[in-house]
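Try each task before you read its solution.

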Amino acid sequence: MTQSLLTQTNRQKLLSNGARSAAGEDIDPVPVVKLFTPDANATWLLTEIDPDDPDIAFGLCDLGLGYPELGSVSLREIERLRGPLGLPVERDQHYGETRRLSEIAKMARRAGRVSA
């Protein structure tokens, strides 16, 4: 499950951020991983995984409809998604964001899409 989407390092960092958030810490991390549909306009910039439910991730979600938003997503559902040409969601192996999630979300809302 989700092994192809997340590396072990990604998963550990996402769980670490999730544990901090679950402990009540007010965090604004840099996204850990970028997932995208190669044949559609959907993008997910994930910052954490719920330590109590490791299928649920949190981040900036852009389904390509002009309304990117912060929220929770099911990793299993993302993994099962296929774009119009039948291609699965991929992990951007060269993603190296340095800006905090709140800054990226603000820019994405203004632009109507994630451009990271």
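**Exercise 1.** Find which side chain meets that of Arg20 in a salt bridge.

*Solution.* Step one: the partner is Glu25, with N and O 2.7 Å apart. A salt bridge here is a side-chain nitrogen of Lys or Arg within 4 Å of a carboxyl oxygen of Asp or Glu. Step two: Arg20 is partly exposed at 32% relative accessibility, and Glu25 is partly exposed too, at 38%. (Buried means under 20% relative accessible area, exposed over 50%, partly exposed in between, with a 1.4 Å probe and protein chains only.)

Before going on, note that this is a predicted model, where local features need pLDDT of at least 70 and side-chain atom pairs count only at pLDDT 80 or more, while totals for chains, interfaces and linings use all residues. Residues are numbered from 1 along each chain as its sequence is written, and side-chain values use heavy atoms, leaving out hydrogens and water.

**Exercise 2.** Work out which parts the salt bridge between Asp92 and Lys34 ties together.

*Solution.* Step one: the two side chains meet at 3.9 Å, N to O. Step two: Asp92 lies in the loop between β5 and α3 (101-111) and Lys34 in strand β1, so the pair links parts 58 residues apart in sequence. (Helices, H or I of at least four residues, and strands, E of at least two, are DSSP runs numbered from the N terminus.) Step three: Lys34 is buried at 13%, whereas Asp92 is partly exposed at 21%.
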